[in-house]
Amino acid sequence: MQKFDTHVHSNHSHDGKFGIDELARLASSHGVDGFCITDHLDLDLEWGECKSAFVWKKLRLEDYYQSYLNAKEEVEQCKNGSLNLLFGVEAGFSEKGCASEKYGEVIASYPFDEVINSTHCVLGREAYFADYFYFKSKRKAYGDYLDAVLKSLDAPYPYDVVAHIGYITHGAPYKDKSLVYEDFPDKFDAILKGIIELGKTLEVNFHHAVAPHKSVLERYFELGGRAISYGGDSHRGEIGERFDDFVALVKPIGFEGYNYFVRHAPVFVPFDKD
Ligand SMILES: [Zn+2]
Ligand SMILES: [Zn+2]
């Protein structure tokens with residue numbers, strides 16, 4: 001079965017370690033068949049209402065694209081030529097119209113294979129950091145996050161994947177950080193039905209705790225959702241590292257394969273039959 005990672009960061013992201021060329025070599029040596037490089041494009045911070053406790057490095061798109069082309073050329077000329085290296089971006093959602101407009105311009109300007117739609121900011125705060133949670137109950141903090149994810153589905157620019165639903169849990173200060181379907185069945189149903197109706201793909205993200213939680217994946221399947229992707233979300237070259245965990249999680253639910261994207265068209269990869 002083809003092992004394909006649809007969510008990978010390079011050193012073009014503020015928190016990535018390796019160049020795209022180095023990642024391509026690493027991926028080949030890890031037995032990965034392909035990956036899409038998806039560095040952070042945080043126009044939500046630049047043009048939206050979002051504030052972060054940390055100053056992120058801005059993605060220099062022309063450098064990023066050139067590095068991708070150079071790595072792609074090396075892949076095609078060298079011994080790791082069978083690797084399928086694709087070009088994408090992770091777009092941090094903002095409700096603000098001017099941020100959406102900028103995303104639209106950028107996405108139309110480059111030949112992206114995949115655009116990841118991510119909710120990192122909620123009501124103007126980056127939800128990765130402690131200050132988002134100040135004076136909020138878990139119910140309020142998580143409920144507002146899910147409302148923001150639902151709004152992100154209406155992003156007026158082309159995107160393929162809805163990423164890491166459950167991102168909020170990572171920085172949460174609560175003893176039990178989990179976010180399960182039963183906590184907010186109505187909000188989850190609205191999001192999952194939206195993803196299905198819009199024909200988008202639900203990412204299963206392995207950066208921290210698996211997101212979304214298994215109970216959410218089960219409900220998605222029950223509602224008729226079949227489009228999923230493996231998002232390793234690696235920042236230090238761990239491309240495809242938890243792919244086997246991904247298969248072990250989703251296959252018993254009933255999923256028969258997963259997607260990656262070429263010029264925004266989903267490519268379905270079936271799982272091996274038992
Ligand atoms: Zn993200
Ligand atoms: Zn990411």
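Reader: Against which elements do the buried residues of α3 pack?

Author: Before answering, a word on what we are looking at: this is a predicted model, in which local features need pLDDT of at least 70 and side-chain atom pairs count only at pLDDT 80 or more, while totals for chains, interfaces and linings use all residues. Residues are numbered from 1 along each chain as its sequence is written, chains are lettered from A and ligands numbered from 1 in the order in which they are written, and side-chain values use heavy atoms, with hydrogens and water left out. Helices (H or I, at least four residues) and strands (E, at least two) are DSSP runs numbered from the N terminus, buried means under 20% relative accessible area, exposed over 50% and partly exposed in between (1.4 Å probe, protein chains only), and contact means heavy atoms within 4.5 Å. With those terms in hand, the buried residues of α3 pack against α1 (20-29), β2 (34-41), β3 and α4 (97-109).

Reader: Which residues of α3 are buried, and why do they lie on the same side of α3?

Author: The general idea is that an α-helix has 3.6 residues a turn, so residues three or four places apart point the same way. In α3 the buried residues are Leu61, Tyr64, Tyr65, Tyr68, Ala71 and Val75. Because they cover an arc of only 125 degrees around the axis, they sit on the same side of α3; the arc is that of the directions from the helix axis to the C-beta atoms.

Reader: How many residues has helix α3, and what span does it reach?

Author: Helix α3 (residues 61-77) has 17 residues and reaches 24 Å from its first C-alpha to its last, close to the 24 Å expected at 1.5 Å a residue, where the expected span is 1.5 Å times one less than the number of residues.

Reader: Which residues of α1 are buried, and what covers them?

Author: The buried residues of α1 are Ile20, Leu23, Ala24 and Ala27. Seen down the axis of α1, they fall within an arc of 105 degrees, so they line one face of the helix, and their cover includes β1, β2, α3 and β3. After α1 comes Gly31, whose phi is positive, near 75 degrees.

Reader: Which residues touch the most other members of the largest nonpolar core?

Author: A nonpolar core is a set of buried Ala, Val, Leu, Ile, Met, Phe, Trp, Tyr and Cys residues joined through side-chain atoms within 4.5 Å. The largest one here has 81 residues, of which Phe35, Ile37, Tyr142, Tyr145, Ile165, Phe246 and Val250 touch the most other members. If residues up to four places away in sequence are not counted, those that Ile37 touches include Ile20, Leu23, Tyr64 and Tyr68.

Reader: Which residue bridges the zinc ion (ligand 2) and the zinc ion (ligand 1)?

Author: Glu90 bridges the two zinc ions, which lie 3.6 Å apart. The protein donors of the zinc ion (ligand 2) are His7 (NE2), His9 (NE2), Glu90 (OE) and Asp233 (OD), lying 2.1 to 2.3 Å from it. Four donors count as tetrahedral if all angles lie between 85 and 135 degrees; four count as square planar and six as octahedral if opposite donors are over 155 degrees apart and all others between 65 and 115; anything else is irregular. With angles of 80 to 164 degrees among its 4 donor atoms, the site of the zinc ion (ligand 2) is irregular.

Reader: Where is Asp233 placed, and is Asp233 buried or exposed?

Author: Asp233 is in the loop between β9 (228-231) and α8 (243-250), and it counts as buried at 4% relative accessibility. Phi of Asp233 is near 55 degrees, a positive value in a residue other than glycine.

How values were computed: Donors are N, O and S atoms within 2.8 Å of the metal (3.2 Å for Na, K and Ca); water is not among the atoms, so sites may look incomplete.
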